[in-house]
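Good morning, and thank you for making time for this presentation. Please keep the sequence and the structure in view while I speak.

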Amino acid sequence: MSPRTARRLGWNAVGMVVFVVMVFPVFWMISTAFKTDDQLNSVTPTWIPTHPTVRHFRDALARPYFWTDVKNSLIVVLVTVVVAMALAFFAAVALSKYRFTGRKLFIVLMIGIQMLPATGLIIPLYVVLARYHEVNALTGVILVYLTFALPFSVWTLRGFIIGIPKDLEEAAMVDGSTRLGAFLRILFPLVAPGLVATSVFAFITSWNEYIWARTLLNDSSKQTITVWLSYFLGTSRSTDWGALMAASTLTAIPVVVFFLLVQRRIAFGLTAGAVRG
Amino acid sequence: MGAILGYPIYNLVRLSLQKYGLTELIQHHGTEVGLHNFGTVLHDPVFWHTLVRTVVFTVANVGLTMVIGTLMALLLVRVSTWVRILLTAGLVLVWSMPPVVAVQVWNWMTNSQNGVLNYGLTELHVGNFFQHNWFETPFSQLAMVTTLVVWGALPFVAITVYAALSQVPHDLVEAAQIDGARSWRIFRDVTMPVIAPVLLILTSLSILWDFGVFTQAWLLIGPGHIVPSNFLMGIYLYEEGYVRTDFGRGAAISILMLVMVAAMSVVYVRRMLRVGEVE
């Protein structure tokens, strides 16, 4: 074996160790969800559930408010995504096609708000929402999620729109299309992949969100799935770990699926400045 | 849209200058008290202790994330293709875990009775961790939060740095190797200048995220065990402002925190603005 191959093998081994360490928590979550109670309570852990059972999933689904809170999460997420995309699309067009006063301030504000820790805005938004009786209502949460989803969406979409050559639009107009027609037939299809990517991102952030949902929603019947999951542990000493891991797995599945679709683009959007500059 | 973003900030500043508690929340207006809220916060020893703790926490988290993340990226370059695909897939999987889910998995793994961590460490002869409590002291609590935060942040850093590494010119590295340069020197003089801008952005983003950590710390330590001796800035703000319903004071803390964050994010915002101007 040449020293080169030996070195490659060594790195591969290190790579495998890193893989195992990083993925272990996820593996452990899924594996725990399928174990029997005996295997869970034993001090010597079972690595792979040899007699997998779906009982924990049934237990988790049967817990109070699971389906209600999944439904709440879906409502909040879907409304946020649809409204954010509609607003962000037009804002992005305005930002990339027209120069208007306060354009630079607008960009600074937009990037700036992304950088603020969510906790920093809890107090003022809570007070405003309380004033308009939007506390303990899904609409309040949706409004908050929009303030966080919009800046990112506008910024990412803007990147897509800038990439479209102006000649293309002009060519369509010369051919007798109206401005709106050119807009819909030329611009829209080209921006579609961007819309998919940003809406998935908005989907994931709002599905995962915790602080706001916890702060604004008090009734068990009005909470989102992450808040539901966070209360699972409760105060009792004997936690049903199997059901908790089953519920965790279920909560993670939609995110994992969507994430795999757009992972590349998110990484790019966040560091576009660095990579291009 | 400017209104959506600007209004909360305007409201924040107004609140910070008012006495605004539960009574005022019901009546919908506060009493002007000038800079009183800022005065009490700045004279609160808990504020200063929390600030120091948060800075140390942030430095530790960002340092670990950046160093390990960069090492992982360098590893990705060196392994065979199938290992790289496997490792990248694993990283993306970790990246996609919702924070609340990760917290619950951590709770289960570090469980003192039959958590896999105590078992594993004892079996590997690291020491006797039988029924070891990982949440005994504020330090150990925040150390556990650190493992959780760093684990969750590594994929983004590793994958992004790896992408930057692919832009390092091959012939330059080869020329350096032929000249007999050691790998550390190649990294410092050839690789580093290419990936430096990416590292800069990642570091400033990580600082912002870790400085404002809330969910992981709040849930992993457990709302019942959150006390001033393990406060991080985000939690201090939440406890003082929301839990104790002293919104004016909470707003003052928010502003202090946001000013610090804004100062730290200047690098990032300036870089993004430059992208905004190039069209």
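I begin with the aromatic rings. In this predicted model, the count comes to 31 aromatic pairs over all chains. I shall take two of these pairs as examples.

How are the rings of Tyr20(B) and Phe247(B) arranged? Their centres are 6.4 Å apart and their planes stand at 75°. An angle over 60 degrees counts as edge-to-face, so that is how the pair of Tyr20(B) and Phe247(B) is classed. The two residues belong to distant parts of the chain, 227 residues apart. Tyr20(B) sits in the loop between β1 (18-19) and α2 (22-27) of chain B, whereas Phe247(B) belongs to helix α13 (residues 247-277) of chain B. Are these two residues buried or exposed? Tyr20(B) has a relative accessible area of 2%, and Phe247(B) has one of 1%. Buried means under 20%, so Tyr20(B) is buried, and Phe247(B) is buried as well.

The second example is the pair of Phe214(B) and Trp218(B). Here the ring centres lie 5.3 Å apart and the planes meet at 20°. Planes under 30 degrees apart count as stacked, and the pair of Phe214(B) and Trp218(B) is therefore stacked. Both Phe214(B) and Trp218(B) are buried.

These residues also belong to a cluster. One aromatic cluster is formed by Tyr126(A), Tyr20(B), Phe214(B), Trp218(B), Tyr238(B), Tyr242(B) and Phe247(B). I would ask you to note the chain letters in that list, with Tyr126(A) coming from chain A.

This leads to the contact between the chains. For polar contact, the count between chain A and chain B is nine residue pairs, both residues being at pLDDT 80 or more. Across the interface of chain A and chain B, the rule finds zero salt bridges.

I turn now to the salt bridges. Over all chains, the count comes to seven. One of them joins the side chains of Asp37(A) and Arg55(A), at 2.8 Å from N to O. This pair links distant parts of the chain, for Asp37(A) is in helix α2 of chain A and Arg55(A) is in helix α3 (residues 55-62) of chain A, 18 residues apart. Asp37(A) counts as partly exposed at 32% relative accessibility, and Arg55(A) is partly exposed at 33%.

In chain B, Asp189(B) forms a salt bridge with Arg188(B), and their closest N and O atoms are 3.3 Å apart. Asp189(B) is partly exposed, with a relative accessible area of 36%, and Arg188(B) is partly exposed, with 43%.

A further salt bridge joins the side chains of Arg244(B) and Glu240(B), at 3.5 Å from N to O. Its two ends fall into opposite classes. Arg244(B), with a relative accessible area of 57%, is exposed, while Glu240(B), with 6%, is buried. Arg244(B) and Glu240(B) are also part of a network of salt bridges that includes Asp44(B) and Arg249(B).

Why is helix α6 (residues 99-109) of chain B described as largely enclosed by the rest of the structure? The reason is that 10 of its 11 residues are buried. Among the buried residues of α6(B) are Val100(B), Gln104(B), Trp106(B), Asn107(B), Trp108(B) and Met109(B).

As for chain A, there are 12 helices and zero strands. Of the 277 residues of chain A, 53% count as buried. Among the contacts in chain A with a separation of 6 or more, 68% are between residues 24 or more positions apart.

Conventions. Residues numbered from 1 in each chain as written. Chains lettered and ligands numbered in written order. Predicted model: local features only at pLDDT ≥ 70, side-chain atom pairs only at ≥ 80, totals over all residues. Heavy atoms only, no water. Buried < 20%, exposed > 50% of the residue type's maximum accessible area, 1.4 Å probe, protein only. Helix = DSSP H or I, 4+ residues; strand = E, 2+ residues; numbered from the N terminus. Salt bridge = Lys/Arg side-chain N within 4 Å of Asp/Glu carboxyl O. Polar contact = N/O pair within 3.5 Å; in protein donor to acceptor, adjacent residues only side chain to side chain. Phe/Tyr/Trp six-rings, centres within 6.5 Å; stacked < 30°, edge-to-face > 60°. Contact = heavy atoms within 4.5 Å.
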